[in-house]
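Reader: I want to learn to read a model like this one. Where do we start?

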Amino acid sequence: MNNHNLYLRLVGDRFENAGDQPFLITPGRRPLLYSELDRITGRLAARLLELNVEPGDRVMVQVAKSPESVLVYLACLRVGAIYIPLNTAYTAAEVGYFMMDAKPQLFICQPSERESLSILSQECEVPHIRTLGSEGDGDLLDGVEYLTTEVEVVVRGDDDLAAILYTSGTTGRSKGAMLSHHNLASNAEVLHSYWHWHDRYDVLLHALPVFHVHGLFVALHCALLGRSSVHFLAKFDPDQIFDCLPECTVMMGVPTFYTRLLSDSRLTDEMCSNMRLFISGSAPLLAETHREFERRTGFRILERYGMTEAGMITSNPYEGDRLAGTVGFALPGVSVRIADNDGNELPRGETGVLELKGPNVFKGYWQMPEKTAAEFRQGGWFISGDNAIMDETGRISIVGRAKDLIISGGYNIYPKEIEAEIDSIPGVAESAVVGVPHQDFGEAVAAIVVTDGSRQLSEQQIIEPLQGRLARFKQPKRVFFVDELPRNTMGKVQKAQLRDTYKASFSSK
Ligand code: MLC
Ligand code: AMP
């Protein structure tokens with residue numbers, strides 16, 4: 001049987017003669033070199049084996065972005081474990097749910113969180129907990145330099161899982177999207193070629209988090225396949241970005257990155273003179289941002305569209321027209337169609353739900369066969385939940401969402417989860433959570449609350465109880481009180497009306 005382990009494609013013995021070429025360049029630290037990648041990953045893999053991590057076991061990770069966090073991911077691939085990264089903003093309450101659901105063999109957290117998460121991991125019967133800090137500190141790596149580097153790459157078939165990424169669900173329960181080695185490899189190969197990565201030439205500016213598809217898979221897989229050096233920044237920090245930009249050739253970002261760059265006078269065409277490609281995705285890029293960016297720098301941002309369950313699905317062309325407000329064409333090997341609510345394909349030019357098929361489409365939701373079945377049509381079409389139009393040439397525009405989802409600064413937030421927490425606050429009768437336009441984040445969370453009359457409640461009294469329950473980025477940035485929520489004749493809350501009523505809530509911010 002051929003070994004389809006993604007590790008072999010990304011690392012394996014590819015970098016034996018890479019000399020001193022840096023892979024990850026992190027401010028204030030020695031760069032991680034390509035030539036040492038296989039060796040160090042071997043030692044980390046040996047550490048995982050010491051902790052009895054076996055093929056198919058889950059390794060759950062909630063740590064700061066660091067070169068070592070990437071090495072842990074690669075070591076998991078190598079031993080055939082399933083990597084589960086979590087947003088560092090998640091509270092212990094949120095993490096508890098993921099632990100119970102995925103039952104990891106090993107949980108790796110930040111050193112500062114060990115105490116609180118140890119109790120939780122015991123309750124969830126997680127056998128091992130280890131720590132990893134942003135500087136490579138923490139007990140995960142204790143004595144790792146004495147371990148063997150010669151750990152074999154476990155044989156994986158096409159359907160074996162490489163990662164589970166949790167995405168919130170419309171019902172409020174998070175679902176773990178199961179991604180196989182083949183899902184990730186096929187998408188990486190396509191992007192590497194479609195976006196013209198130049199072997200050993202490109203330098204990637206990486207300021208995204210590494211617990212989502214965008215920063216972890218799209219950015220790092222392309223860099224590894226292209227043997228590119230990466231300026232690996234802990235977060236989007238304008239000073240660091242402008243320090244690195246003159247040396248870089250490619251940047252990937254969410255639209256907030258681009259609006260923030262545009263608001264800085266340091267963004268000039270000279271600053272971008274080494275660049276060849278700016279890519280945007282994870283949320284809609286305003287046509288205005290696209291145009292303004294071209295005016296300032298001469299670059300037309302390449303917008304692409306994707307999701308956790310399928311990686312990248314469509315992209316504007318590298319060489320052809322990159323049209324503002326469109327997400328381009330289905331990637332090679334990916335089939336896309338626009339369908340009505342019953343799954344009948346619609347003629348070109350009509351708005352419907354985007355459905356897709358291809359080697360990039362995930363294997364289903366972890367231990368949720370009914371939810372998985374509900375998201376697929378006969379013939380294997382996956383229902384994206386995004387409303388889109390396809391023109392005669394096959395070019396796609398995302399025009400809205402069929403799913404009740406807010407995307408804020410590239411993070412997905414499902415209103416149901418926030419509403420459930422708000423509804424449990426004493427004195428609240430019911431609530432509706434919507435996304436309203438926000439200059440920086442694209443959309444921001446607003447909550448509209450009806451009280452039961454038993455007490456007077458303030459905005460603060462709604463937000464305060466959510467601390468420790470919900471990650472900060474999910475918490476409403478504004479709360480409004482109303483006597484009743486607008487409903488249609490069926491009794492369904494009219495969210496479109498609420499979005500319209502509160503659309504100017506952040507206009508001065
Ligand atoms: C931070 N905050 C947010 C937020 N990020 N609020 C709403 N939405 C967000 N995205 C809040 C914090 O809780 C904090 O609140 C305050 O804003 C400042 O926090 P910060 O940490 O200093 O923020 P900052 O570093 O400026 O981060 C903003 C950001 C970041 C946009 C740079 O959110 C980011 O990197 N987003 C990218 C997400 C991403 O990678 N998505 C890809 C998903 S994959 P307070 O009140 O405490 O001050 C996907 C598939 C695909 O979608 O197609 O790619
Ligand atoms: P996630 O579940 O975090 O992977 O987010 C996926 C969702 O992000 C998609 O279903 C879309 O709603 C949205 N998305 C990603 N890229 C784009 C884009 N370029 N334009 C509009 N929406 C996008």
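Author: Start with burial. A residue counts as buried when its relative accessible area is under 20%. This is a predicted model, and V210 shows how the cut-off is applied.

Reader: Is V210 buried or exposed?

Author: Its relative accessible area is 10%, so V210 is buried. V210 sits in a loop, between β9 (203-206) and α7 (213-225).

Reader: Which residues does V210 touch, leaving out those up to four places away in sequence?

Author: V210 touches K65, S69, P85, G215, L216, L220 and F232. For a contrast in sequence distance, take K474. K474 is 264 residues from V210 along the chain, and their C-alpha atoms are separated by 19 Å.

Reader: In which sense do β13 and β14 pair?

Author: Antiparallel, over 4 bridges, with β14 spanning residues 311-315. One bridge joins M307 to G311 in β14.

Reader: Now ligand 2. Which residues come nearest to it?

Author: Read a site as a shell, then look for polar pairs. The shell of ligand 2 has 15 residues, and R304, T308, D386, K403 and N412 come nearest. In the side chain of D386, an N or O atom is 2.6 Å from an oxygen atom of ligand 2. K403 places a polar side-chain atom 2.7 Å from a ligand 2 oxygen. The side chain of N412 has an N or O atom 2.7 Å from an oxygen of ligand 2. Taken alone, ligand 2 exposes 500 Å², and the protein buries 92% of that.

Reader: Which element gives the largest share of that shell around ligand 2?

Author: Strand β13 (residues 302-307), with 5 residues. By class, the ligand 2 shell has 6 nonpolar, 4 polar and 5 charged residues.

Reader: And ligand 1: how many residues surround it?

Author: There are 23, and the closest are R260, S282, R304, S408 and R472. A polar side-chain atom of R260 is 2.7 Å from an oxygen atom of ligand 1. The backbone takes part as well. Polar backbone atoms of G409 and G410 each lie 2.9 Å from a nitrogen atom of ligand 1. On its own, ligand 1 has 1,000 Å² of accessible area, and the protein covers 76% of it.

Reader: Which elements give two or more residues to the shell around ligand 1?

Author: Helix α9 (255-262) and strand β13 do. The ligand 1 shell divides into 10 nonpolar, 8 polar and 5 charged residues.

Notes: Residues are numbered from 1 along each chain as its sequence is written. Chains are lettered from A and ligands numbered from 1 in the order in which they are written. This is a predicted model: local features need pLDDT of at least 70, side-chain atom pairs count only at pLDDT 80 or more; totals for chains, interfaces and linings use all residues. Side-chain values use heavy atoms; hydrogens and water are left out. A residue is near a molecule or strand if one of its heavy atoms lies within 4 Å of it. A polar contact is a pair of N or O atoms within 3.5 Å; within protein, one must be able to donate a hydrogen and the other to accept it, and residues adjacent in sequence count only if both atoms are side-chain atoms. Accessible areas come from the Shrake-Rupley method with a 1.4 Å probe; for residues, only the protein chains shown count as cover. Ala, Val, Leu, Ile, Met, Phe, Trp, Tyr, Cys and Pro count as nonpolar, Asp, Glu, Lys and Arg as charged, and the others, Gly among them, as polar. Buried means under 20% relative accessible area, exposed over 50%, partly exposed in between (1.4 Å probe, protein chains only). Contact means heavy atoms within 4.5 Å. Two strands pair if DSSP finds at least two bridges between them.
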